[in-house]
Every structure is written in structure tokens, then in C-alpha cells.
Amino acid sequence: MSTPSNSDVQAKLRALVDMLVGYLKETNSPKTLQSHENVDGEAIVNDLGKLGIILADNATKVTIACKPPCIPISAIPTIEAMGETLFRISGYIESIPISTGKTLIQIIKSTTEEILFDSAALANSFLDEPVDPSIITSKGYLISTGVVWEACDRFNNLPKSNKQAVITKWEERLELLKDAILEIKKLLDQEDNQGDEDDGWDEIFGESINVTLSTKEKEIVELSLKLFDLVKRLFNKTLKRYIVPLDLPTYNSSNEKEETDGNRSLTKINQTLDQYMDLCKLISDAADELGTSLYPPQDSMAIESKVNDISLHSQELIKQPIIKKNNENTSRVHVYYHYHVCIPHVIPRG
């Protein structure tokens, strides 16, 4: 057997980069197993954490073996080992059944995509003729190795269940909503301070925004602020009263029937949680678009459209099965009144 050369190392590295680019395309595809088998989300995350540790070790060995001066006989086995680990990770992700929960799977796939991309960037940094930077960005092997380590660490910080994944994403959306509320308040404050003397410092610090709202526009902004506050309360109530306290079935039952019933129950809960999250995204996105529509000149039809979107999706959220279980109708009355009576009455028609 001939002694491997540097060209052999280059061929292995290029093959690894090409493989990972292919994996990235597959990861972005919506393919997910439709199986409803009994799957423990925590076990999945623990397995991925272990694979992340192995990959971080692979990345270290590849870096040591491939940095100049490269020793081909040492480099090639480390490249192959890294490729095998990434192959295992990619295959494992594609084997996760949808019954595990769409939100958790999306977070896992997003983290995996980062790992694949960063691993490709590491391999690309050792190529004599790197892949097009627009596809894989290489910033040098030392930086790329550290990025791979950081990406692998994210496997250990993944949510342990679809419920935890929904809570994480829900809190992110809630923070975005709070930021939007602050922006609307700033808009009103700027309007109220239009008569203040300008000393020039606002313009120097980039804070000078000349906003002049008509009486009707200001009324719409103020009412929209009430709408945003109402959505925030709806998000808070849904999270604190219905999602966080939710009890999940366990996998420790020795009774086959109880285990099967628990699996069906968990699948149904995960489906409901994903429905919550889908509606949360729709409401949050519509609220974000509404917020950007409030600056003059306002488009009343666009504003009314977004208000109607928020109203429709909020009503759908309120009607979700778990939210109705305590028969709390107070928020429903206020939501209906605010969306269907106050807002349309203020926005000019025609």
C-alpha cells in the first residue's frame, strides 16, 4: 500500500465538505418520519449530546493533524472519523419521528444545521482550493475549530421535551412583543415631545426622528398599544397557566396498555403544543407588521388587515383544547370586544 500524500488529504477534505453541503440541503428539507412510536425526547437529546462530545473531539484531532505541516498518514484517519460522526448525527436527526414534537424537532434541526455548517467551514479551512466562500465561509482553522466546539455544546443545551421547546420559543416571541410595545411607546413619546426645544444632541446621537402624527393616526397608535398589551397578557396567561403547568406522561410504566395510552396522550399533547406555537408565531408576526405600519404616513387598510389577522389567530388560540379546560371566558370577552368593536371603529374605512 502506497503512503498517503497531501493530495489524498485534500481529496478527503473536499469529499467531507461536499458531503456536509449535501447534508445541509437535506436538513433544510421538511422530511420527518410520520411514525408515532414511543420516543423519549430526553433520550434523543442525551444521545445527541454524546455525539456532540465525540464530534468536538474529532474536530480537535482534525485540527492537530491537518494544520501545517500536515502529516497525511495521521490526517486521513481523523478526517474519516469526523465524517463518520457527522454521518451518524445526520442520520439520527432524520430518524426522529414527528410524534416527538414539531417545535423540538425544528430546534434540533436548526442546531444540527449550525454544526454541519461549522464542520464544513473547518474542513474548508484546510483546503488548498477552498469551496466558494458564498457557500462555506472559512475564517481559519483555529477560529473554525472553536466554532465547532461551541456548536457541539448547543447539543447539550437542547430542550429535553417538546414542551420545553415550546416554552423556549414562546418566551422569545414574548420578548419580541415587549420590544414592539416599547417601540410604540417611543413613537407616542416622540409625538408628545415635538414641542420641546431641539438642542442638537439628539441628531448627533442618532435619536432625531421627526414624527408628526395626525389626530386620527395618534388615536390608532394609542389603540394599537392597548391591543399589543392585550396580546401580551394573552401570551403570558397561556404560558403560565396552561403550558408551564402541563403534566407530561412518563415512559416508566410496566403496564403495556398504560404505556400505549401514555404514548398516545403525549403525541396528542405535542400536537396541541405545536398548534399553540404555530398560532403564537402568526400572532407575533402580524403584531410585528402592525407595529411597523403605525409610522406615518399610515395605510389604514394595511393596519386593519393586520389587526384582523391578530384578532383571528388570537381567537383560534383561545379556542385551543387545553386553554378551554378551566372555562375561563373573561379574556375571551375582552379580546372579542377589543378586536371586533374598538379597533375597526377607529380605523378609517374606504
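## Ile184 and its neighbours

Leaving aside residues up to four places away in sequence, Ile184 touches Val221, Leu225, Phe228 and Leu294 (a contact means heavy atoms within 4.5 Å). You'll find Ile184 in helix α6, residues 162-192 (helices are DSSP runs of H or I with at least four residues, numbered from the N terminus). Ile184 is buried, with a relative accessible area of 3% (buried means under 20%, using a 1.4 Å probe and protein chains only). Glu222 is 38 residues from Ile184 in sequence, but their C-alpha atoms are 8.4 Å apart in space.

## What kind of model this is

This is a predicted model, where local features need pLDDT of at least 70 and side-chain atom pairs count only at pLDDT 80 or more, while totals for chains, interfaces and linings use all residues. Residues are numbered from 1 along each chain as its sequence is written, and side-chain values use heavy atoms, with hydrogens and water left out.

## Helices α2 and α3

Now look at α2 (residues 41-66) and α3 (residues 72-94): they pack at an angle of about 160°, with axes 9 Å apart (axes are lines fitted to C-alpha atoms over the stretch in contact, and angles run from 0 to 180 degrees between N-to-C directions). So α2 and α3 are roughly antiparallel (that label goes to angles over 145 degrees).

Who makes up this contact? The residues where α2 meets α3 divide into 18 nonpolar, 4 polar and 3 charged.

## Thr100 in its loop

Thr100 sits in the loop between α3 and α4 (102-125). Thr100 is buried too, with a relative accessible area of 5%. A polar atom of the Thr100 side chain lies 3.0 Å from the backbone oxygen of Pro97.

Key:
Helices (H or I, at least four residues) and strands (E, at least two) are DSSP runs, numbered from the N terminus. Angles under 35 degrees count as roughly parallel, over 145 as roughly antiparallel, 65 to 115 as roughly perpendicular and the rest as oblique. Ala, Val, Leu, Ile, Met, Phe, Trp, Tyr, Cys and Pro count as nonpolar, Asp, Glu, Lys and Arg as charged, and the others, Gly among them, as polar. Buried means under 20% relative accessible area, exposed over 50%, partly exposed in between (1.4 Å probe, protein chains only). A polar contact is a pair of N or O atoms within 3.5 Å; within protein, one must be able to donate a hydrogen and the other to accept it, and residues adjacent in sequence count only if both atoms are side-chain atoms.
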